[in-house]
Amino acid sequence: MIEPPTGHTPVLPHEVVKLLAPQPGDVVVDATVGAGGHAALLAQAIGPTGVLHALDADGAALELARTRLEDVAGSVVLHQANFRDLRAILDERDISGVDVILADLGVSSMQLGDPQRGFSFSSDGPLDMRMDSRLEAGAAELVNRMGEGDLADLIYEYSQERLSRRIAKRICAARREGRITTTSRLAEIVCRATGAPPHSRRSKIHPATRTFQALRMAVNDELPALKELLEQAPGCLKTGGRIGIISFHSLEDRMVKWDFRRCKDEGTYDLVTRRPVVAEAEERRENPRSRSAKLRVARRTGHALG
Ligand SMILES: C[S@@+](CC[C@H](N)C(=O)[O-])C[C@H]1O[C@@H](n2cnc3c(N)ncnc32)[C@H](O)[C@@H]1O
């Protein structure tokens with residue numbers, strides 16, 4: 001098991017390598033390099049003649065990955081970029097197609113564990129949640145600016161939070177008393193709205209989990225970015241190239257499933273996985289993050305794009 005010294009354990013490591021089957025000399029894209037755990041495995045497989053393009057929206061993650069990937073034998077090119085720009089990144093380097101694309105969606109343990117990033121309700125910090133600090137608006141802007149109805153819709157759409165209307169109402173009432181700028185303040189407002197004390201026995205998850213997830217997805221425009229990656233991917237892969245997406249959220253998994261099926265119907269993909277691959281019991285025990293991970297893999301056929 002590859003475990004970088006950074007605290008982020010890559011999920012489904014064996015399955016990723018087996019199903020994406022990187023070969024010596026391949027050109028591979030890790031679209032979400034994070035701490036570089038998957039990237040190190042891919043780099044090992046492609047060897048000294050391979051090239052790894054490692055993307056992350058988060059500059060701090062790229063610095064970790066840089067250290068982690070320092071000693072790999074092949075060439076590694078790091079890009080601080082959103083994977084929605086993959087085609088443009090490859091065009092800039094005259095790369096018409098790659099052999100492997102991997103995207104391991106969502107946030108890393110480092111991002112969640114750093115209070116200054118504002119992703120977590122379990123420690124106090126600025127209400128930020130931007131993966132890419134160059135983005136203009138963080139979570140505080142959304143929470144303090146959006147109308148009550150839009151905020152409720154956003155929370156419901158991205159997290160299916162049943163109490164979204166009540167939560168949005170409380171947020172709007174609370175901000176009349178002063179701007180909401182910290183994670184702990186927002187968590188407290190959400191807990192009050194749901195009527196559940198944090199870690200109540202009524203639910204296995206913290207009452208603010210869904211609201212935080214929804215805000216994070218909105219701040220980082222996560223679903224539209226995934227849609228763009230999926231649209232570009234067939235045009236970025238060589239014939240026989242493989243794409244693997246690891247998702248942690250049912251909306252993301254559904255998008256991947258339907259996109260791969262559509263491409264199969266159009267003749268541009270073969271499905272490598274008919275059902276999502278999930279972690280074995282041992283991994284689920286050792287790495288709680290793996291419990292909700294779903295990996296789907298497809299292979300580019302020789303069929304021309306329409
Ligand atoms: C789950 S972590 C990846 C962990 C990585 N596979 C590893 O083994 O360490 C997800 C990473 O993807 C990045 N990310 C999420 N959405 C992104 C996007 N649209 N474009 C680029 N990076 C993104 C996050 O900043 C985070 O570092």
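I take helices (H or I, at least four residues) and strands (E, at least two) as DSSP runs, numbered from the N terminus. The model I am reading is predicted, and I rely on local features at pLDDT of at least 70 and on side-chain atom pairs at pLDDT 80 or more, while totals for chains, interfaces and linings use all residues. Residues are numbered from 1 along each chain as its sequence is written.

**Entry 1: loops with positive phi**

I looked up Asp221 and found it in the loop between H10 and helix H11 (222–236), with a phi near 50 degrees, a positive value in a residue other than glycine. I noted beside this that most residues other than glycine have a negative phi. Asp221 counts as partly exposed because it has 15 C-beta neighbours inside 10 Å; on this scale 20 or more other C-beta atoms within 10 Å make a residue buried, 12 or fewer make it exposed, and anything in between is partly exposed, with C-beta atoms placed from the backbone.

Asp94 also has a positive phi, of about 55 degrees, although it is not a glycine, and I located it in the loop between helix H4 (86–92) and S4. With 6 C-beta neighbours inside 10 Å, Asp94 counts as exposed.

**Entry 2: Val98**

I then moved to Val98, which has its place in strand S4 (residues 98–104) and counts as buried, with 22 C-beta neighbours inside 10 Å. Leaving aside neighbours within four places in sequence, I list among its contacts Val27, Val28, Val29, Leu90, Cys236 and Leu237, a contact being two C-beta atoms, placed from the backbone, within 7 Å. Val98 and Ala233 are 135 residues apart in sequence, yet I read 9.7 Å between their C-alpha atoms.

**Entry 3: H7 against H10**

I checked how helix H7 (residues 148–159) meets helix H10 (residues 209–219): their axes come within 8 Å and cross at roughly 95 degrees, the axes being lines fitted to C-alpha atoms, for helices over the stretch in contact, with angles running from 0 to 180 degrees between N-to-C directions. H7 and H10 are therefore roughly perpendicular to each other; angles of 65 to 115 degrees count as such, under 35 as roughly parallel, over 145 as roughly antiparallel, and the rest as oblique. On the H7 side I find Leu154, Ile155, Tyr158 and Ser159, and they meet H10 residues including Arg210, Gln213, Met217 and Ala218.

Ala218, in helix H10, is buried, with 20 other C-beta atoms within 10 Å. Beyond four places in sequence, I find Ala218 in contact with Leu142, Leu154 and Tyr158. The C-alpha atoms of Ala218 and Gly138, 80 residues apart along the chain, are separated by 9.4 Å.

**Entry 4: nonpolar cores**

I looked up the largest nonpolar core, which has 51 residues, and noted that Ala31, Ala39, Ala54, Ala65 and Ile101 touch the most other members; such a core is a set of buried Ala, Val, Leu, Ile, Met, Phe, Trp, Tyr and Cys residues joined through C-beta atoms within 7 Å. Apart from it lies another core, of 30 residues, among them Phe119, Ala187, Ala193 and Leu215.

**Entry 5: around the ligand**

Last, I went through the 22 residues around the ligand, of which Pro10, Thr32, Gly34, Gly37 and Asp104 come nearest; a residue is near if its C-beta atom, placed from the backbone, lies within 6 Å. Helix H2 (37–46) and strand S2 (51–56) each supply at least two residues of this shell.
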